Amino acid sequence: MHKSNKNDDIKKILFAKFIGNCGFCFTDETDFLYIDFPYVSGAYGFMSFDARHLEALSQHEKDACFLFTHAHDDHFNRKEVRSRKLKAAGPFGIRCYAHDYITIDQLNRSGAWHITAFKTKHTLCLEHYSYVLEWHDTRIFISGDTKDISVLRKISNIDILISNPLFLKGIAKVKRINDFKKIILCHFRTKSKIAHKAHKKIIVPKQGKTIVLNP
Ligand SMILES: [Zn+2]
Ligand SMILES: [Zn+2]
């Protein structure tokens with residue numbers, strides 16, 4: 001599924017920096033893909049983020065792409081996305097508000113990744129997508145805000161699950177934690193509340209922390 005590239009023979013490392021909520025910056029140091037960022041800092045009592053993440057955008061916002069699971073404020077800041085003319089992809093709300101909206105197909109032509117969108121359920125949301133992101137032979141599933149794990153019936157061979165706490169609870173309930181090599185928890189309110197989910201595969205990142213995704 002990956003586009004051929006003259007650097008294919010050089011093993012590239014894929015990093016994800018955790019910004020807050022479901023907000024990550026994925027990069028192989030050539031391409032930059034943001035997920036669910038910029039969002040409205042502190043929206044609905046969820047995580048605020050260091051303003052430096054927003055300042056850092058100005059350095060490469062023309063080249064970076066921005067993918068959103070849905071348009072709730074704790075995932076999507078319509079004002080920032082519009083005014084900065086960010087290249088943004090995602091479901092209905094993003095189509096409505098982004099100044100430079102791009103389709104998933106266009107997004108797939110913009111970088112070394114391949115993204116597949118899956119329509120998933122989320123309360124009080126007209127349209128919500130979960131995603132499979134393939135990049136440097138690593139397959140990543142991004143839940144967004146859905147808690148409905150039935151989407152995984154259509155998907156196999158996921159290396160890394162990036163999950164909200166309720167989706168992970170569903171995975172644990174059906175004993176599928178071992179289907180993944182690594183699980184990165186996001187969109188948690190406090191570390192103490194999720195301590196009972198401790199498992200060696202589950203990474204609970206600190207905000208601003210960079211995680212190496214491929215071995
Ligand atoms: Zn939401
Ligand atoms: Zn949310």
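## Close-up views of the predicted fold

**His-136 sits in the loop that links strands E8 and E9.** Helices (H or I, at least four residues) and strands (E, at least two) are DSSP runs, numbered from the N terminus. This is a predicted model, in which local features need pLDDT of at least 70 and side-chain atom pairs count only at pLDDT 80 or more, while totals for chains, interfaces and linings use all residues. Residues are numbered from 1 along each chain as its sequence is written, and chains are lettered from A and ligands numbered from 1 in the order in which they are written. His-136 isn't a glycine, yet its phi is positive, at about 50°. Most residues other than glycine have a negative phi, and most peptide bonds are trans. With 15 C-beta neighbours inside 10 Å, His-136 counts as partly exposed; the cut-offs are 20 or more other C-beta atoms within 10 Å for buried, 12 or fewer for exposed, and partly exposed in between, with C-beta atoms placed from the backbone.

Asp-36 has 26 other C-beta atoms within 10 Å, so it counts as buried.

**Seven strands make an open, mixed sheet.** Reading across, the order is E6-E5-E4-E3-E2-E1-E13. Two strands pair if DSSP finds at least two bridges between them. E6 (100-101) and E13 (210-212) are the edge strands, each pairing on one side only. At the E13 end, strand E1 (residues 15-20) runs antiparallel to E13, with three bridges between them. One place to look is Ala-16, whose bridge partner in E13 is Ile-211.

**E10 and E11 run parallel, with helix H5 on the path between them.** The chain goes from E10 through H5 to E11 as a right-handed β-α-β crossover (right-handed if, with the strands pointing away from the viewer, the path from the first strand over the helix to the second runs clockwise). E11 also pairs in parallel with strand E12 (residues 202-203) over two bridges; here Ile-183 has Ile-202 as its bridge partner.

**Helix H5 (residues 165-173) buries Phe-167, Leu-168 and Ile-171.** Looking down the axis of H5, these buried residues fall within an arc of 100°, so they line one face of the helix (the arc is that of the directions from the helix axis to the C-beta atoms). Strands E10 (160-163) and E11 (182-185) are among the elements covering the buried residues of H5. Pro-165 belongs to H5 and is partly exposed, because 18 C-beta neighbours lie inside 10 Å. Pro-165 and Phe-188 sit 23 residues apart in sequence, with 6.4 Å between their C-alpha atoms. After H5 comes Lys-175, with a positive phi near 55°.

**Thr-146 is a buried loop residue, with 25 C-beta neighbours inside 10 Å.** The loop runs between strand E9 (138-142) and E10. Leaving out residues up to four places away in sequence, Thr-146 touches Thr-120, Lys-121, His-122, His-128, Ser-130 and Phe-167; contact here means C-beta atoms, placed from the backbone, within 7 Å. Lys-121 is 25 residues away along the chain, yet its C-alpha atom is 5.7 Å from that of Thr-146.

**The largest nonpolar core holds 53 residues.** Such a core is a set of buried Ala, Val, Leu, Ile, Met, Phe, Trp, Tyr and Cys residues joined through C-beta atoms within 7 Å. Phe-26, Ile-35, Phe-66, Leu-67, Ala-88 and Ile-162 have the most contacts inside it. Strand E8 (residues 129-135) gives the largest share, four residues. Zoom in on Ile-162 and, skipping residues up to four places away in sequence, you'll find it touching Ile-140, Phe-141, Ile-142, Ser-143, Ile-184 and Cys-186.

Conventions: Contact = placed C-beta atoms within 7 Å.
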